[in-house]
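The points below are grouped by topic.

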Amino acid sequence: MSERIIRMFERDKNHSSIISWSFGNEAGTGPNFAGMSSWLKDADPTRIIHYEGAQGTPEHPEYQRVINRWNHVAEPEKLTAELANPTDLPWVDMISRMYPSIEQLKDLSDSPYIKRPILMVEYAHAMGNSFGNVSEYWDLIWQRDNLVGGFVWDWKDQGIEQKTKQNENVLVYGGWFGDSPNDGNFCINGVVDSYGDAKPALWEAKYVFQPIKVTEVDLSKGKVLLKNRFFFDDLKHYQLRWTLSEDGEQIQQGEVTNFALAAQESKELTIPFVNPTIKLGAKYWLKLTLHSLQNNQWSEAGFEIAKQQFQLPFHKAKPIENTSDIALEITDNESILLVKSDVAQLRFDKNSGYLQAYSYKDIPIFVQALEPNFWRPQTDNDKAGWNTHKKMAIWKDLPANLELDDFTVDSTKHNQVMVSAKYSYQELVHLTLSYFILGDGKVNVSMDLNISEQVPELVKVGMTAKVAKQLTNMSFYGRGPFENYSDRSKAADVDVYQGTVLDFVHSYVKPQENGNHTDVEWLTLTNKTGLTMAVRGHNP
């Protein structure tokens, strides 16, 4: 091992990009590592030494005996920090850990025994659809001087392009060639794909690591606080632009002139927008973007380096319109409830209680029932890490296992109908679905869900239906344009986006959950003749 370290040193000692020496990965520890560290320190006192395996100091009075290969100890509650026993061996220059939780990282930072920088040698496992909560890690890292960051696992997918029997190009992984054993798709871990193109996670990474931070001070007056996170660059070498939009339509724009801010400094700015004339129901968004002024090796002048979007405090709610002059008629028999007007028809299956079909002007819109949904196709980390197929299996088939307890219809008014279906599952889950139907085709759907504390946490909650395949065009007002989730949405701006449905699908190498968008106000699906189905969310 010592010879290996010496060869590494001689090979790389004159490369200025080498700032640290590492002794390897997941290879245990022992006195040979201490000897290698001593030799390197003599040969090169200018560089720091890293080794994640150097955990625990048996000579320390607070040390606890390790009881298995995963560094678990007999009395973990006595540890000052869960991942430190109580610090690392003295021959490394940093504390290195793999995949700590945010709370574990905080405990390491707070430990009175740790006096060295703390590094996550691996974190944010980017396999498949993942990379959640990275912004929360960095909220902590930016606050703590002894937290120096981490290395995302990893940068680029390593799929191999092959052709199918249909002569289509696909990316493959372990097992495609009949190889056994294999690691399956564990080579598909990157924030960029095998061709080097961006995956949705890359946009979140760009935002989290961007070199400025903008926080609100008084948005009604355009006041924000700007922090320059660069260690050397003054922001005078960049251009700061701003836009003001109303429900996705840009109504003002400008540039902050005579702008300068030294590295690591902060200052308050006033963005000089004019207060807009407020429209009922509209939302107003201020967006700041930082751009390069010169061409360089990695971008052209004008490239967006950083951004921040704020909702301005100008929103005035618009009353929901729940009236229509168009009459409704119902046909109610033992198994089917039909609700019909001159323009729309709804069919309920009274055995299931679900809205089974919906058509508008005799054109089918829903071609499969609108049902509750508590599941999603498993992501790689769902299956390999979270084990949702074991821990949350109850939710996958719950819609099929619900019992319909009550189905009621209120048609006392000629132009509106109320339908309510109540369900239960073993006294553990109680669900009420309500439909407020108007003659013009509008349907207000609400869900009331009560869950016992005895059942596992939810994977997902909502409703699902199959719509006519002719509805191929899509637009929505929410976060985009790339997919985003509640724990990976900071980079996605609120705007109006439009395209085909397939434009908003991200095809992962191994098929899994994809295409979600958060903070969606409304969604439309349109066919080639212009017939549109619109879905609008209302706050509960």
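**Structural briefing**

Glu403 lies in strand β20, which spans residues 403-413. The model is a predicted one. Its secondary structure amounts to nine helices and 28 strands. Of the 540 residues in the protein, 42% are buried, and the C-alpha atoms occupy a box of roughly 90 × 60 × 55 Å along the principal axes.

**Surface patches**

- Glu403 has a relative accessible area of 54%, and it is therefore classed as exposed, the cut-off being over 50%.
- Together with Asp405, Asp406 and Glu427, Glu403 makes up a patch of negative charge on the surface.
- A nonpolar surface patch consists of Tyr99, Trp153 and Phe186, whose accessible area together is about 280 Å².

**Salt bridges**

- The count of salt bridges in the model is 19.
- Asp110 and Lys106 form one of them through their side chains, with an N to O distance of 3.0 Å.
- Both Asp110 and Lys106 belong to helix α3 (residues 102-110), where they are four residues apart, or about one turn of the helix.
- Asp110 is partly exposed at 41% relative accessibility, and Lys106 is likewise partly exposed, at 31%.
- A network of salt bridges links Lys106 and Asp110 with Arg144.
- Lys287 and Asp493 also form a salt bridge, in which the closest N and O atoms are 2.7 Å apart.
- That pair connects distant parts of the chain, since Lys287 sits in strand β13 (residues 284-292) and Asp493 in strand β26 (residues 493-500), 206 residues apart.
- Lys287 is partly exposed, with 22% relative accessible area, whereas Asp493 is buried at 9%.
- Asp493 takes part in a salt bridge with Lys307 as well, at 3.2 Å from N to O.
- Because Asp493 is in strand β26 and Lys307 is in strand β14 (residues 304-311), this pair ties together parts that are 186 residues apart in sequence.
- Asp493 and Lys307 are both buried.

**Aromatic pairs**

- The structure contains 23 aromatic pairs.
- In the pair of Phe9 and Trp39, the ring centres are 5.5 Å apart and the planes meet at 85°, so the arrangement is edge-to-face.
- This pair bridges distant parts of the chain, with Phe9 in helix α1 (residues 2-12) and Trp39 in helix α2 (residues 31-43), 30 residues apart.
- Phe9 is buried, at 8% relative accessibility, while Trp39 is partly exposed, at 32%.
- Phe23, Phe33, Tyr51 and Trp91 are joined into a cluster by ring pairs.

**Backbone geometry**

- Most residues other than glycine have a negative phi, and most peptide bonds are trans.
- The peptide bond from Trp153 to Asp154 is cis, with omega near -10°.
- Asp154 is situated in the loop between β5 (147-152) and β6 (160-163), and Trp153 is also a member of the nonpolar surface patch.
- Another cis peptide bond connects Gly480 to Pro481, with omega about 0°.
- Pro481 is found in the loop between β25 (473-480) and β26.
- Asn133 has a positive phi, near 65°, and is placed in the loop between β4 (118-123) and α4 (134-143).
- The relative accessible area of Asn133 is 33%, so this residue is partly exposed.
- Gln264 also has a positive phi, near 70°, and lies in the loop between β11 (249-256) and β12 (266-270).
- Gln264 is partly exposed, with a relative accessible area of 33%.

**A residue in helix α5**

- Tyr207 is part of helix α5.
- Its relative accessible area of 15% is under the 20% cut-off, so Tyr207 is buried.
- Tyr207 and Lys391 are 184 residues apart along the chain, and their C-alpha atoms are separated by 33 Å.

How values were computed. Residues numbered from 1 in each chain as written. Predicted model: local features only at pLDDT ≥ 70, side-chain atom pairs only at ≥ 80, totals over all residues. Heavy atoms only, no water. Phe/Tyr/Trp six-rings, centres within 6.5 Å; stacked < 30°, edge-to-face > 60°. Helix = DSSP H or I, 4+ residues; strand = E, 2+ residues; numbered from the N terminus. Buried < 20%, exposed > 50% of the residue type's maximum accessible area, 1.4 Å probe, protein only. Patch = residues over 30% accessible without salt bridge, like charges linked within 9 Å, V, L, I, M, F, W, Y side chains within 5 Å. Areas by Shrake-Rupley, 256 points an atom, 1.4 Å probe, with all protein chains shown as cover. Salt bridge = Lys/Arg side-chain N within 4 Å of Asp/Glu carboxyl O. Lys, Arg positive; Asp, Glu negative; His and termini not counted. Charge placed at Lys NZ, Arg CZ, Asp CG, Glu CD.
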